[in-house]
Amino acid sequence: MSGKRIIKKVAVLGSGIMGSRIACHFANAGVEVLLLDIIPKELNAAEKKAGLDEKSPAFRNRIVDDSLKQTLKASPAALYHKSFARRIRTGNFQDDMKYVADCDWIIEAVIENLDIKKSVFSELEKFRRAGTLVTSNTSGIPIRLMAEGRSDDFRKNFCGTHFFNPPRYLRLLELIPGPETDAEVLEFLALYADLHLGKTVVPCKDTPAFIANRIGVYSIMSLFHHVEKMGLSVEEVDKLTGPVLGRPKSATFRTCDVVGLDTLVKVANDVYERCPNDESRDTFVLPGFVKKLMEKGWFGDKTKQGFYKKVKDEKGKSEILSLDLETLEYKEKSKIKIPLLDQVKNVDAYSDRIKIMLSGNDKASEFYRASFAAVFAYIANRIPEIADTPHEIDEALSAGFGWEFGPFSTWDMIGFEKGIKLIESHGHKIAEWLLEMRDKGVGNFYQNVKGLRQYYHPAKKAYENMPGAGRIILLDSLADKVVWKNSGSSLIDIGDGVINLEFHTKMNTIGGEIIEGVNKAIQIAEKDFKGLVIGNQAQNFSAGANLAMIFMFATEQEFDEIDLAVRAFQNMNMRIRYSSVPVVVAPHGLTLGGGCEMSLHADKVVASAETYIGLVEFGVGLIPGGGGSKEMTLRASDAYLDGGIDVHVLKEYYLNIAMAKVSTSAHEAFDLHIFRDGLDQVVVNPTHVISEAKTAVLELADNGYSTPVQRRDIKVLGRNALGMFFAGANAMSSGRFISSHDKLISEKLAYIMCGGDLSSESQVSEQYLLDLEREAFLSLCGERKTLERIQSILTTGKPLRN
């Protein structure tokens, strides 16, 4: 990072949906934020009643304060932790614009109107300090037009930074230079956004809608036309274009409702008007049903109806209706049965699934072929107009629209030649550079060479290393570095004497294969390496233990098998804790149950900021049986040393399990005592988690790592505390706040965490608590209501409250 710039304070001008959320994300990064907006035109009734006048700060800052309050209440949360809101100060353009002189980066996020933006910039220039970064969050207004009339220093330090909503969760940041933007500014912003904001930064050209919206909206508009032609329903399309394609659950029509149909149409109209030479320009013409929705003002969530509508039935229960695209009348959602999707539902690998989906003779396959043919042709023809390389387009769609695989990556899975034939068979124009690739015998857009991921550069007619090569570890590019593997895990040499254990089971659930993998990984690490990282780059670290296996053994009353499985899991986690080399666990996404227990036993945790972690076993009628109950008891014991009433401290740790609390970020996991202050680490950008975990292993090893001593000094409170917990569970049950089964689980958990029926406070060993934990787990597996809960999770994905 350039030594010339340090970002300590940021100003965000405009507090609407985007502005307030951008402000929150900078607060997530630890930066002080000044959030400004306009002064209201007049006092409202409440302000008049309160005796305010036009000089009152509460009146003058009403717009910005209300916007920020709405954002702070919104779900999903804009902040990693509620306390981060203290980093944001609000104000208004008239009274507080002078304070931008203290800011290192000023972000304009006002309404998408060129004249208004230029007016804000004119006022800004009165106070801005020379050299201060200024960027616009525009989604499509030309950067060159916004820069007109500004000073030389302003233009040199000005560019577009297009965040996607919500900025915390959608990782794309499009970086658009103006005609005179200094190269150092672009380099600094790209690196800062990567390291501190967790962004996938994609350089863009100053073209209509930039990259993600240009391609993403084309994809949706093309799909609209296919839907109209093929007579597909809203439900069918959303079933076909959701997770089965590696896309968000909101798929197509639900996404349009969330974003707003008017927003989508604005982009489509803008591209149509400003891109007369686009060979697929007519695709941006609105189909009939979209025109009618626009006329009716049915834009989606913001107008309470769009392609879906939420209503209440006669009993007052909410239900979702879907729009009939022919009659434009709402109807009850019907259960959609698509044979092709049944055929591929058990095909885990997307590369295998997509080939099957494109090869059928049914309507669904026809739809997929038409959709992919159009998108493949369009993305190829946008090079070099809007981007220079396939990888820039893929990154933009993956990070901005939540596609698990970019379109060029998908094309590689299908096969280069098959993609060309698909385009030809549907009558689309083939880009010249594709034909040049074919003539040269180049058959892939991506390749792996010596552990590095490379992309094809059409203008240079050669492969180049992906950005971050050598700094970012991509596990899927290290196939030649596999040290050992079984059906559920792979052990990969990630360099410098560190190995990484990666999971491959469905949802990365923990069963025999992963237990074997962890034990083997530690054995190999202790013999030949400095240490071990346990981490992967799937969507989620681990959804927990393999419940299907537990259910099968329990229904067949194979309790000896369950006992062996639980012992093996406990022993694995104790092996992690007491290995002779450092073991760092690198969680991200869902890290539940057993995945959480694995993290609890690591020498250090290096977590993605977006880690949703917790001990959730209570919800399926069980207690944490892999050392989680033991570990929370141990950590409560250590917390007693900090003073306070011991039983109150224990209650806090107990409730984290009993209420199945899950953090909404890695930062919240510290509050739940899952991560440890001063030891465990949070990484904002998920692509850096494995490399940071590797660094942590090396630091531990180089600082003279030694095996910890097993604990035999864990303070447990015995019978007195146990009575209190039992009384509390009984009161909750009597008041019908919890079921009788919840009461039973609560008592089992309390028995472990109080150390059993001991007559007084005592010190016990980890193994003592593990034995109590295992006995409780086994006894609950024999309960009918536990099996009913597990069955509900396995069949519906939802817990049963019995």
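In this predicted model, the largest nonpolar core holds 116 residues, and those touching the most other members are Phe224, Phe253, Phe307, Tyr368, Trp411, Trp433 and Leu434. The biggest contribution to this core comes from helix H17 (residues 363-381), which supplies 12 residues. Apart from this core lies another, made up of 82 residues, including Leu491, Phe569, Val581 and Phe618.

Leu434 is a handy place to start when looking around the 116-residue core. Leaving aside residues up to four places away in sequence, Leu434 touches Ala380, Trp411, Phe416, Ile420 and Phe445. One of these partners, Trp411, is itself listed with Leu434 among the residues that touch the most other core members.

Helix H10 deserves a look of its own. This helix covers residues 212-230, and its 19 residues should span 27 Å at 1.5 Å a residue; the end C-alpha atoms lie 26 Å apart, which agrees. Of the 19 residues in H10, 16 are buried, so the helix is largely enclosed by the rest of the structure. Just after H10 comes Gly231, whose phi is positive, at about 70 degrees.

Strands of a sheet pair through backbone hydrogen bonds, in either a parallel or an antiparallel manner. Here strand S13 (residues 452-457) runs antiparallel to S14, and four bridges join the two. For anyone tracing this pairing on screen, Tyr455 stands opposite Glu464 in S14.

Turning to the whole protein, the model contains 33 helices and 25 strands. Its radius of gyration is 28 Å, close to the 28 Å that the globule rule gives for 802 residues, so the protein is as compact as a globular protein of that length. Taken along the principal axes, the C-alpha atoms fill a box of roughly 80 × 70 × 65 Å. Of the 802 residues, 55% are buried. Among contacts with a sequence separation of 6 or more, 70% are between residues 24 or more positions apart.

Terms used
Residues numbered from 1 in each chain as written. Predicted model: local features only at pLDDT ≥ 70, side-chain atom pairs only at ≥ 80, totals over all residues. Heavy atoms only, no water. Pairing = 2+ DSSP bridges. Expected span 1.5 Å × (residues − 1). Buried < 20%, exposed > 50% of the residue type's maximum accessible area, 1.4 Å probe, protein only. Core = buried A, V, L, I, M, F, W, Y, C linked by side-chain atoms within 4.5 Å. Contact = heavy atoms within 4.5 Å. Rg over C-alpha atoms; globule rule 2.2 N^0.38 Å.
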